[in-house]
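User: Please take a close look at one part of this model and describe its surroundings. Then set that part within the chain as a whole.

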Amino acid sequence: PGFIYFHSESQVSNALRNGRINACIVSSLDDVNMRTVAKFATRDYYFATTRGNSDLMKELNAAMNELTVNDPNFEDKIYSQYHSKSEKQQTVISEDEKQYVKEHPVQKVSYITDWYPISYQDKNGNFAGALAGILSNISERTGLQFEYHAGKKYADAIKAASDGESDIVAGFPYDYKWALEKNCVLTTPFMTLNVFGIYRSGQDA
């Protein structure tokens, strides 16, 4: 392959759109017409100041530590805000993926019915909530269809997958050890939720 060097990311994007180049290396996907074909190892970035400016460095390090303690997902939020894919980007699947969809057009999904507003049944008994919306979006973008099976508890949904009665558990907790024990594999996370302990006002925690 040949390499062409540019002075700015905008020049790279223009060259890709105009067909002058076939691929490029970028740090974000702001252009909705681009799609990722490969990812490289991440690199750490730091604040820098003049040598000997220890007081400022202490303040910066203390501030970063406080951010991490108060918001453990801070780094993930920053990455998602500036480097994640845009929902406007066109979904592109490989030839192997297209063949899989053709051979397995319907996937069975087990879900729980009382995790409102994430996963529940509407008044007509249909799967509803945020997870239903995500799977509907996947259907529109890939052609893959889903058949839904309700369970009252997580144990019901997980058992259905472990026993081969369903192909997917909607909203599986992010726990690789648990997934291994239940004979499941996990996708990359599609949602991050905070969990809180709630007590009656005036009651000792």
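**Leucine 144 and its setting**

Leaving aside residues up to four places away in sequence, leucine 144 touches Val101, His104, Pro105, Gln107 and Ser139, where contact means heavy atoms within 4.5 Å. The model is a predicted one, in which local features need pLDDT of at least 70 and side-chain atom pairs count only at pLDDT 80 or more, while totals for chains, interfaces and linings use all residues. Residues are numbered from 1 along each chain as its sequence is written, and side-chain values use heavy atoms, with hydrogens and water left out.

Leucine 144 is located in the loop that joins helix 5 (130–142) to strand 5 (145–151); helices (H or I, at least four residues) and strands (E, at least two) are DSSP runs, numbered from the N terminus. Leucine 144 counts as buried because its relative accessibility is 13%; buried means under 20% relative accessible area, exposed over 50%, and partly exposed in between, with a 1.4 Å probe and protein chains only. Valine 106 lies 38 residues from leucine 144 along the chain, yet their C-alpha atoms are separated by 6.3 Å.

Leucine 186 is placed after helix 7 (176–181) and, at 23% relative accessibility, counts as partly exposed. Its C-alpha atom is separated by 7.2 Å from that of tyrosine 176, ten residues away along the chain. Threonine 188 belongs to the segment after helix 7 as well, but with a relative accessible area of 66% threonine 188 is exposed.

The peptide bond from tyrosine 116 to proline 117 is cis, with omega near 0°. Proline 117 sits in the loop between strand 2 (114–115) and strand 3 (119–121).

For the chain as a whole, the secondary structure comprises seven helices and six strands, in the order α-α-α-α-β-β-β-β-α-β-α-β-α from the N terminus. Of the 205 residues, 18% count as buried. Among contacts with a separation of 6 or more, 51% are accounted for by residues 24 or more positions apart. The radius of gyration, taken over C-alpha atoms, is 23 Å, whereas a compact globule of 205 residues would have one near 17 Å; the globule rule is 2.2 Å times the number of residues to the power 0.38. The C-alpha atoms fill a box of roughly 60 × 60 × 35 Å along the principal axes.

The mean pLDDT (the predictor's confidence in each residue, from 0 to 100) is 84 for the chain, and 90% of the residues score at least 70. Where pLDDT is low, the predicted coordinates should not be read in detail.
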